[in-house]
Amino acid sequence: MLRRVQTGDRQWTVTSTINWRQPATQQQFEHDVASGYVPGVVMLVVLVVMGLTVLLWTPPDVIVPSWVLLLFLVVLMMLPLQWAWERPWTVKAETDETAAIGGERWVGTVHGWMAARQEVSRATRYLKSQGVPDQENGRLRMIT
């Protein structure tokens, strides 16, 4: 998601990008063991193997209603979809480095697609009204 905000003589660019790896922070450094997109690929392979196993072991004279198959697929897809939906997102608010006042860069991390959208909206709203991102209630922090 990309939004541009004009505040006085400054042009702000507010973006959000998904992180396939958990960003290492000082508080969570020892617990950061995510290996990138590998868990997602492993989940997809396990899902395909489980689906093929069920299809290949079904006797030919058994008739399974289509709604049962659909329900089974929805249940199997819940965990990978939840994993992908709740990935960490990096939200950035930046100004142009060539501005007369000097460039600024604000960065924060949120978990989940909806939280990222809300943080971009909050940062955009606060930039329009105050000229800088929200330091008290927002997730963005100034990077020096």
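This is a predicted model: local features need pLDDT of at least 70, side-chain atom pairs count only at pLDDT 80 or more; totals for chains, interfaces and linings use all residues.

Q: Which element holds Arg10?
A: Strand β2, residues 10–18.

Q: Is Arg10 buried or exposed?
A: Buried. Its relative accessible area is 9%, and the cut-off for buried is under 20%.

Q: What kind of pair does Glu104 form with Arg10?
A: A salt bridge, with the closest N and O atoms 2.9 Å apart. The pair joins distant parts of the chain. Glu104 sits in the loop between β3 and β4, Arg10 in strand β2, and 94 residues separate them.

Q: And Glu104, buried or exposed?
A: Glu104 is buried, at 15% relative accessible area.

Q: How many salt bridges are there in the whole structure?
A: Three. One of them pairs Glu94 with Arg105, where the closest N and O atoms are 3.2 Å apart. Glu94 is in strand β3 and Arg105 in strand β4, so this pair ties together parts 11 residues apart in sequence.

Q: How accessible is Glu94?
A: Glu94 is partly exposed, with a relative accessible area of 28%. Arg105 also counts as partly exposed, at 33%.

Q: What does Arg122 pair with?
A: Glu119. The closest N and O atoms of that salt bridge are 3.2 Å apart. Both residues lie in helix α3, three residues apart, about one turn of the helix.

Q: Which accessibility class does Arg122 fall in?
A: Arg122 is partly exposed, with 30% relative accessible area. Glu119 counts as buried, at 4%.

Q: Which residues of α3 are buried?
A: Ala116, Glu119, Val120, Ala123, Thr124 and Leu127. They cover an arc of only 130 degrees around the axis, which puts them on the same side of α3.

Q: What's on the other side of α3?
A: Gln118, Arg125, Lys128 and Gln130 are exposed there.

Q: What do the buried residues of α3 pack against?
A: Four strands: β1 (2–7), β2, β3 (88–95) and β4 (105–111).

Q: What follows α3?
A: Gly131, with a positive phi near 95 degrees.

Q: Switching to the strands. Where does Val110 lie?
A: In strand β4. Val110 counts as buried, at 4% relative accessibility.

Q: What does Val110 touch?
A: Leaving out residues up to four places away in sequence, its contacts include Trp89, Val91, Ala115, Ala116 and Glu119. Arg87, Pro88 and Arg139 are also among them.

Q: Which strand is Trp89 in?
A: Strand β3. Trp89 counts as buried, with 13% relative accessibility.

Q: Zooming out, how many helices and strands are in the chain?
A: Three helices and five strands. Along the sequence the pattern is β-β-α-α-β-β-α-β.

Q: How much of the chain is buried?
A: Buried residues make up 26% of the 144 residues.

Q: What share of contacts comes from residues 24 or more positions apart?
A: They account for 61% of the contacts with a separation of 6 or more.

Q: Last one. What does the accessible surface come to?
A: About 10300 Å², and 62% of that belongs to carbon and sulfur atoms.

Terms used:
Residues are numbered from 1 along each chain as its sequence is written. Side-chain values use heavy atoms; hydrogens and water are left out. Helices (H or I, at least four residues) and strands (E, at least two) are DSSP runs, numbered from the N terminus. Buried means under 20% relative accessible area, exposed over 50%, partly exposed in between (1.4 Å probe, protein chains only). The arc is that of the directions from the helix axis to the C-beta atoms. Contact means heavy atoms within 4.5 Å. Accessible areas come from the Shrake-Rupley method with a 1.4 Å probe; for residues, only the protein chains shown count as cover. A salt bridge is a side-chain nitrogen of Lys or Arg within 4 Å of a carboxyl oxygen of Asp or Glu.
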